[in-house]
Amino acid sequence: MTSLTIIRPDDWHLHLRDGAVLKAVLPWTANLYGRAIVMPNLKPPVTTVDAALAYKEQILAHLPAGSNFEPLMTCYLTDSLLPSEIKKGKETGAFTAAKLYPAGATTNSEHGVTNIKNIYPVLEMMQEVDLPLLIHGEVTDSDIDIFDREAVFIERVLTPILADFPELRVVSEHITTSAAVDFISSQSDRVGATITTHHLMINRNAIFKGGIRPHMFCLPIAKREEHRLALRRAATSGDSHFFLGTDSAPHLTHLKENDCGCAGIFNSPNTMECLAQVFEEEGALDKLEAFASLNGPRFYGVPVNSDTITLEKQPPNNIPAEVAVEGSDNGVQVFTPPEPLTWRVC
Ligand code: NCD
Ligand code: ZN
Ligand code: ZN
């Protein structure tokens with residue numbers, strides 16, 4: 001196959017940040033994707049309807065000319081968030097979903113939830129008004145190994161949530177383990193999972209190849225090869241539980257190349273090229289559309305995009321190594337896949 005046309009994709013897990021970084025990274029999503037679920041972990045986090053609407057305005061104001069991109073906003077759950085705010089966010093359409101960050105689990109999660117029981121009234125309301133719960137699924141206990149945090153979360157937190165809220169729709173974000181693949185695929189269709197670009201391409205060796213590689217560090221951290229292979233099987237299977245969430249997470253270079261480097265990989269500029277390569281390697285190019293363009297809308301109950309994009313079997317020629325950020329000496333480094341890319345978006 002040398003050319004592939006698919007329904008325009010969406011990104012169901014994206015960090016756009018704000019200010020100059022937003023301005024720098026937004027075109028890479030807005031020019032290619034129809035919609036994106038925009039993560040709320042700003043400083044300060046997006047915890048109210050008003051903040052979500054203001055953030056959405058800021059995004060729309062920076063859209064490239066002619067872009068029809070639609071940002072879908074999310075609410076950052078805290079111990080003290082009121083169920084009434086969830087209700088208002090659902091009724092006004094300001095929130096498409098709400099995001100659970102266990103406190104301390106990842107970038108800008110310090111205002112997150114310290115004990116899941118603290119948000120049970122909020123989850124009750126989310127179930128009632130049918131607002132999906134998006135989860136960064138890692139425990140934070142210091143005695144749990146960083147590579148085991150996702151599997152332990154499934155056992156200790158996710159399983160009880162699903163049992164206690166049998167109608168709540170839940171997305172396990174950026175899954176990284178075969179345990180998560182098995183767990184999610186055994187659930188009903190009210191449960192889904194996003195898979196990132198990079199977790200399909202790298203295993204944990206990439207973080208230490210010849211030295212420490214801060215630009216390969218994200219959370220959940222990449223796992224062993226067997227887990228990458230399980231993720232590839234899930235993504236390329238066509239199973240509608242699994243859909244694209246790039247988790248593109250830009251950080252300025254000096255904040256990654258740092259004594260305490262930030263977690264997050266910026267992959268918006270080359271995700272579709274990477275995916276075409278992965279799906280071709282798996283002999284599953286015919287499943288790329290399901291993963292990137294169909295399964296997400298089905299979970300969220302929205303129509304698929306009405307136009308298409310075309311990929312061609314040609315090395316890409318427009319992917320920068322770094323995206324410059326106005327007013328900063330540092331830019332944002334783009335994810336470097338392990339092999340040269342062989343597909344381009346036309
Ligand atoms: C994300 C970020 O930088 O905001 N980082 C990451 O490593 N994935 C946060 C997140 O999605 O957990
Ligand atoms: Zn996360
Ligand atoms: Zn993320």
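Mentor: One cut-off to begin with: buried means under 20% relative accessible area. His136 has 1% relative accessibility, so His136 counts as buried. Keep in mind that this is a predicted model.

Trainee: Okay, metals. Which protein atoms are the donors of the zinc ion (ligand 2)?

Mentor: His136 through ND1 and His174 through NE2. They lie 2.0 to 2.1 Å from the zinc ion (ligand 2).

Trainee: Where do His136 and His174 sit in the chain?

Mentor: In loops, 38 residues apart. His136 is in the loop between β6 (133–135) and α5 (149–164). His174 is in the loop between β7 (170–172) and α6 (178–185). The pair links distant parts of the chain.

Trainee: And His174, buried or exposed?

Mentor: Buried, because its relative accessibility is 2%.

Trainee: Why is the arrangement around the zinc ion (ligand 2) irregular?

Mentor: Look at the angles. The 4 donor atoms subtend 53 to 147 degrees, so the arrangement is irregular. Four donors count as tetrahedral if all angles lie between 85 and 135 degrees.

Trainee: How far apart are the zinc ion (ligand 2) and the zinc ion (ligand 3)?

Mentor: They are 3.9 Å apart.

Trainee: What are the protein donors of the zinc ion (ligand 3)?

Mentor: His13 (NE2), His15 (NE2) and Asp247 (OD), lying 2.0 Å from the ion. Along the chain, the donors follow the spacing H-x1-H-x231-D.

Trainee: What is the arrangement of the 4 donor atoms around the zinc ion (ligand 3)?

Mentor: Tetrahedral, because the angles run from 96 to 134 degrees. There is a link between distant parts of the chain here too: His15 and Asp247 are 232 residues apart. His15 is in the loop between β2 and α1 (19–30). Asp247 is in the loop between β9 and α9 (253–256).

Trainee: Are those two buried or exposed?

Mentor: His15 counts as buried, because its relative accessibility is 7%. Asp247 is buried as well, with a relative accessible area of 5%.

Trainee: Switching to sheets. What is the order of the 8 strands in the open sheet?

Mentor: β2-β3-β4-β5-β6-β7-β8-β9, with parallel pairing. At the edges are β2 (11–14) and β9 (242–244), each pairing on one side only. From one strand to the next, the twist averages 30 degrees.

Trainee: Over how many bridges do β2 and β3 pair?

Mentor: 2 bridges, in the parallel sense; β3 covers residues 35–38. Within that pairing, Asp11 stands opposite Ala36 in β3.

Trainee: Which strands does helix α11 touch when it packs on this sheet?

Mentor: α11 (residues 288–300) touches β2, β3, β6, β7, β8 (191–195) and β9. Its direction makes about 115 degrees with that of β9.

Trainee: What about the open sheet of 3 strands: parallel or antiparallel pairing?

Mentor: Antiparallel, in the order β1-β10-β13. The edge strands are β1 (3–7) and β13 (344–345). β10 (residues 308–312) pairs with β13 over 2 bridges. Leu311 has Val345 in β13 as its bridge partner.

Trainee: And how does α11 lie on that one?

Mentor: α11 lies across β1 and β10. It runs at about 25 degrees to β1.

Trainee: Which loop holds Pro9?

Mentor: The loop between β1 and β2. Pro9 is buried, with a relative accessible area of 0%. Its contacts beyond four places in sequence include Leu32, Tyr33, Met272, Ala292 and Ile309. The C-alpha atoms of Pro9 and Phe291 are separated by 8.7 Å, though the two are 282 residues apart along the chain.

Trainee: Last topic, the core. Which residues in the largest nonpolar core touch the most other members?

Mentor: Leu77, Ile86, Leu100, Met126, Leu133, Met272 and Leu288, out of 104 residues. α5 gives the most to this core, with 7 residues.

Trainee: What is Ile86 in contact with, leaving aside its neighbours within four places?

Mentor: Among its contacts are Cys75, Leu77, Phe95, Val122, Met126 and Leu131.

Trainee: How many residues are in the second, separate core?

Mentor: 12 residues, including Ile37, Leu72, Phe243 and Phe299.

Key: Residues numbered from 1 in each chain as written. Chains lettered and ligands numbered in written order. Predicted model: local features only at pLDDT ≥ 70, side-chain atom pairs only at ≥ 80, totals over all residues. Heavy atoms only, no water. Donors = N, O, S within 2.8 Å, 3.2 Å for Na, K, Ca; no water. Tetrahedral: all angles 85-135°; square planar, octahedral: opposite > 155°, others 65-115°. Helix = DSSP H or I, 4+ residues; strand = E, 2+ residues; numbered from the N terminus. Buried < 20%, exposed > 50% of the residue type's maximum accessible area, 1.4 Å probe, protein only. Pairing = 2+ DSSP bridges. Axes fitted to C-alpha atoms, helices over the stretch in contact; angles between N-to-C directions. Contact = heavy atoms within 4.5 Å. Core = buried A, V, L, I, M, F, W, Y, C linked by side-chain atoms within 4.5 Å.
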